[in-house]
Amino acid sequence: MVRAYSQEHTYKHPWERVTSASWRKFADPENKRILSHILEVDTLNHKLDSSSGKLYTTRAITIHAPGPWFLRKIIRQDICHCVESTVVDAQSRSMQLSTRNISLEKYIEVEEKIRYDPHPDNPKLWTVCKQETSIKIKPLSTLASMAEKIEQKCVDKFQANSAKGREVMERMCKYLEAESRGISA
């Protein structure tokens, strides 16, 4: 069974500021406390396609392994490695991120997709963020009820982390807004 959920959030900040905040959220020391499940983020590559003007990046993200503590005990691993692929199209003002785990794949598959676009009601000043996440616990698929409970625990944890991420993004947007006005935050 696969657990999937989607969320939508409106940032009352312009697209350029929100996407800048997205790039900077992991580097800010204050955010490391809030996003304590993120252990390390490294840029593997980036490429600007001169014909389309699109920016393509790939980052490696190391996190605390998802799921309840007893699952981490069973699999004997506390960390999980993920790959995030990002496409930024400044011309159409769209940023799309896709993140999936590349370790623990025989136990769990997680895929998260996030998209930032100008909000249709106020495209110059607001940004809409759409997030879709799917989680599948693999070895317990024969024990469906146990797998469902673990998947739900994972969903709950991912949703809590998403809320932390939105908090960080709002803080970064306010910081960038103050920075653009020449005010020290």
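Author: A starting definition: two strands pair if DSSP finds at least two bridges between them. The model discussed here is predicted.

Reader: Strand 5 and strand 6 form a hairpin; which residue in the turn has a positive phi?

Author: Strand 5 and strand 6 pair in the antiparallel sense, over 6 bridges. One of the bridges joins Thr99 to Glu112 in strand 6. Between the two strands lie 6 residues, and the one in the turn with a positive phi, of about 65°, is Leu104.

Reader: In the hairpin of strand 4 and strand 5, which residue takes a positive phi?

Author: These strands pair in the antiparallel sense over 8 bridges. Cys82 has its bridge partner in strand 5, namely Asn101. The hairpin has 4 residues between its strands, and the residue with a positive phi, near 55°, is Arg93.

Reader: How many helices and strands are there in the protein chain?

Author: Read along the sequence, the pattern is β-α-α-β-β-α-β-β-β-β-α. Counted up, that protein chain has 4 helices and 7 strands.

Reader: What is the order of the strands in the open sheet?

Author: Strands of a sheet pair through backbone hydrogen bonds, either parallel or antiparallel. Here the pairing is antiparallel, and the open sheet of 7 strands has the order 1-7-6-5-4-3-2.

Reader: Which strands stand at the edges?

Author: A strand at the edge has a single partner strand, so one side is left without a neighbour in the sheet. Strand 1, for example, pairs with strand 7 over 10 bridges, and its Tyr11 stands opposite Thr127. The two strands at the edges are strand 1 and strand 2.

Reader: Is Leu39 buried or exposed, or something in between?

Author: Leu39 is found in strand 2. Leaving out residues up to four places away in sequence, Leu39 touches Thr62, Ile63, His64 and Ile79. Burial needs under 20% relative accessible area, and exposure over 50%. Leu39 has 41%, so it counts as partly exposed.

Reader: How far apart in space are Leu39 and Cys80, C-alpha to C-alpha?

Author: In sequence, Leu39 and Cys80 are 41 residues apart. In space, C-alpha to C-alpha, the distance is 9.6 Å.

Reader: Is His37 buried or exposed?

Author: His37 is found in the loop between helix 2 and strand 2. Beyond its neighbours within four places in sequence, it is in contact with Thr62, Ile63, His64 and Asn161. The cut-off for burial is under 20% relative accessible area. His37 has 17%, so it is buried.

Reader: What volume does the largest pocket have?

Author: Rolling a probe the size of a water molecule over the atoms shows where empty space is left. For the largest pocket, the volume is about 760 Å³.

Reader: Which residues are the closest to the centre of the largest pocket?

Author: The pocket is lined by 40 residues. By class, 18 are nonpolar, 13 polar and 9 charged. The closest to the centre are His37, Ile38, Glu112, Phe158 and Asn161.

Reader: Which element gives the most to the lining of the largest pocket?

Author: Several elements supply at least two residues each, among them strand 1, strand 3, strand 4 and strand 5. With 8 residues, the element that gives the most is helix 4.

How values were computed:
Residues are numbered from 1 along each chain as its sequence is written. This is a predicted model: local features need pLDDT of at least 70, side-chain atom pairs count only at pLDDT 80 or more; totals for chains, interfaces and linings use all residues. Side-chain values use heavy atoms; hydrogens and water are left out. On a 1 Å grid over the protein atoms alone, a cavity is a set of points where a 1.4 Å probe fits but cannot get out, and a pocket is an open set with protein on both sides within 12 Å along at least five of seven lines; lining residues have an atom within 4 Å of a point. Grid points are joined across faces, edges and corners, and a volume is the space filled by probe spheres set on the points. Ala, Val, Leu, Ile, Met, Phe, Trp, Tyr, Cys and Pro count as nonpolar, Asp, Glu, Lys and Arg as charged, and the others, Gly among them, as polar. Buried means under 20% relative accessible area, exposed over 50%, partly exposed in between (1.4 Å probe, protein chains only). Contact means heavy atoms within 4.5 Å.
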